[in-house]
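Hi everyone, thanks for coming. I'd like to walk you through one structure today, so please have the sequence and the 3D view open as I talk.

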Amino acid sequence: MQQSVCTTYNVWISPFFRELQCTLYLKEVGICIIPKHTSSFGKIYIHKNLLIECKKEIISLGNQKRKTCIKLNYFKISRIYEKNTDFKVLKEASLSIFLSSDQEVSGCIKAIEHFFQNASQESGKPYLVFVNPSSGSKNALNNFNTKVVPIWEKMNISYELFCTEYAGHAENTVTNLSKTDLLCYRAIVACSGDGLVNEIINGLLSRSDYAHISAKHTIKIGILPSGSANSTAASICHHSGLFGNSSLLLHCAFLLTLPNENIQVNPCDWSTGHNEHWKFTLPVLPYISPLNGIRFGTCDANFHRFGIQSIEWGLFSDVDYKSERLRWMGEKRFLLYISYYIIKKPKYRAKLSYLPLDNLLPKKVNCTNDEPVQASSVLELSSMECGKLDDLSINVNESREPVKKSCKSWSFLPDANQPISNRQYKWVTVDEEFISILVLNHSHITSSSVLYPEAHISDPYLTLLILHENITRFDLLLMLQAMSNGKGMESTSCIDIVKICALRVEPYSKESVITMLDGELMPSGIFQAEVVPGISNIISGTKVV
């Protein structure tokens, strides 16, 4: 254990505009600054992973002569209570520390660098960052260069930048990367909207060697939101206890500076002569979450795609696709178009078949958790009833480690051109006119719209939202209100919300109804989908109370 360093110095903190006598304590876990006069300001604790930069700076204070000081840039934690939930917000803050001489300033800087070196690095591996310059309002590259790069460079986070030039560019690149090149990166990061994440997932699953690589290595994916919806990033931050649509990019950039491993950080107690305990905690603990996905297929046996966010059909897909012409508006384009479609309220006829999670379980099992889950007893049952999932049987109570296997074959469904049988599973079929059908794999549909607050991207099921034809325009407005206030959706007489493992939609009008997977246009007509456990792993975090 390294010895603590203690020194006394004068500190000037905005907005006090005066020098305050304090004591600085350094230890492996972080920095603590305690004022000599307790009435001055409270103690300041800075965990080592919250420290962005430590440098020497010369500043002038009023009429006084110029002084050399230590400039600390760090993430400051603020707690807010939003919608009956305790969230944290990170903001960049700075602190100027004055010592009695330039020599002491240089010595203290060296001590800080010695204690906190490599706090954010992982074996020197760089991130492979894909940026789609055309994403959202076309600010993705500028956002990365102005908001992410300055922080990463100060924290010694290495990366390689790859700007995509056409649709499918990232997917083709990931597919064709050699095994050596793929494993030399700390993680693959998407700086864009949800569509680029979709490309990376499909690029990995298109590799002929992916099953072999993922069986021995943990392939990780990171997200830097710069699109219109950014629902996946919002869901990750929501379950990490980080709040703020305006701070979404900063929060995700911070998560990528943490060690890419599942660790438990216990508060570190230090004692002074007065037996005072100092506790250092991160606002969020590093966590590599197993990423469950959606397998999507049509009557074309050669066509299959994987998604991680949603399937939209009907009203939601019309809004998503037709608002593309207003991408420059960002997320506001969805509000504009959904207002128009609420007034229009089109109906779409289809035959919907779905397999409820409850029909698959031998007894009632609560699959909703405040913490991420890797798998649940639904996978155990499916492995007993369907041999295709034997290698995915994991007890939900066991230690949750990153998933390293995936399943490409249909587990609950036949091919899309074959009828669904109730011999093995008890399916529910609804044949009527719908306003919309939405399948969601996590909590958010946009960065500010929450459908299911408890849903997590590693849940072993999908959530099906059915808007029946008898829903009124007033009901649709209430739905929008529930989505925006964070409380989420509940079933009503005109809205059904069901946890499912698979579904099939057979439209009567095969050409006119738009189908979207993760915000990307899919072929019209009959389609089916099911949950696929463990297609990859995503860098996220867990709440710290």
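Before going on, a word on what we are looking at. This is a predicted model, in which local features need pLDDT of at least 70 and side-chain atom pairs count only at pLDDT 80 or more, while totals for chains, interfaces and linings use all residues. Residues are numbered from 1 along each chain as its sequence is written, and side-chain values use heavy atoms, with hydrogens and water left out.

Cysteine 237 counts as buried because its relative accessibility is 1%. Cysteine 252 is buried too, at 3%.

**Two loop residues**

Next, please find asparagine 230. Asparagine 230 sits in the loop between strand 11 (220-225) and helix 7 (231-240). Helices (H or I, at least four residues) and strands (E, at least two) are DSSP runs, numbered from the N terminus. With 10% relative accessibility, asparagine 230 is buried.

What does asparagine 230 contact, once we leave aside its neighbours within four places in sequence? Contact here means heavy atoms within 4.5 Å. The residues in contact are Ser192, Gly193, Asp194, Pro225, Leu248 and Ser447. A polar atom of the asparagine 230 side chain also lies 3.4 Å from the backbone nitrogen of serine 226.

Now turn to tyrosine 166, which is in the loop between strand 9 (159-163) and helix 3 (169-176). Tyrosine 166 counts as partly exposed, because its relative accessibility is 46%. From tyrosine 166 to asparagine 132 there are 34 residues in sequence, and 8.6 Å in space from C-alpha to C-alpha.

**Charged pairs**

Side chains of opposite charge can pair when their charged atoms come close. How many salt bridges are there? With a salt bridge being a side-chain nitrogen of Lys or Arg within 4 Å of a carboxyl oxygen of Asp or Glu, the count is 5. Let me show you some of them.

One of them joins the side chains of glutamate 57 and lysine 71, at 3.6 Å from N to O. This pair links distant parts of the chain: glutamate 57 is in strand 5 (residues 51-59) and lysine 71 is in strand 6 (residues 67-82), 14 residues apart. Lysine 71 is buried, at 16% relative accessible area.

Another salt bridge is between aspartate 209 and arginine 207, whose closest N and O atoms are 3.0 Å apart.

Aspartate 431 is partly exposed, at 39%, and arginine 349 is partly exposed, at 38%.

**Core and strands**

In soluble globular proteins, nonpolar side chains tend to be buried together. A nonpolar core is a set of buried Ala, Val, Leu, Ile, Met, Phe, Trp, Tyr and Cys residues joined through side-chain atoms within 4.5 Å. The largest one has 88 residues, and Leu72, Trp152 and Leu224 touch the most other members. Apart from it lies another core of 36 residues, among them Phe296, Trp313, Tyr354 and Phe527.

Finally, look at strand 25 (residues 527-543), where 16 of the 17 residues are buried. Two strands pair if DSSP finds at least two bridges between them. Strand 25 runs antiparallel to strand 14 (residues 284-298), with 14 bridges, and leucine 291 stands opposite serine 536. Strand 11 runs parallel to strand 25, joined by 2 bridges, and lysine 220 has asparagine 537 as its bridge partner.

Conventions. Buried < 20%, exposed > 50% of the residue type's maximum accessible area, 1.4 Å probe, protein only. Polar contact = N/O pair within 3.5 Å; in protein donor to acceptor, adjacent residues only side chain to side chain.
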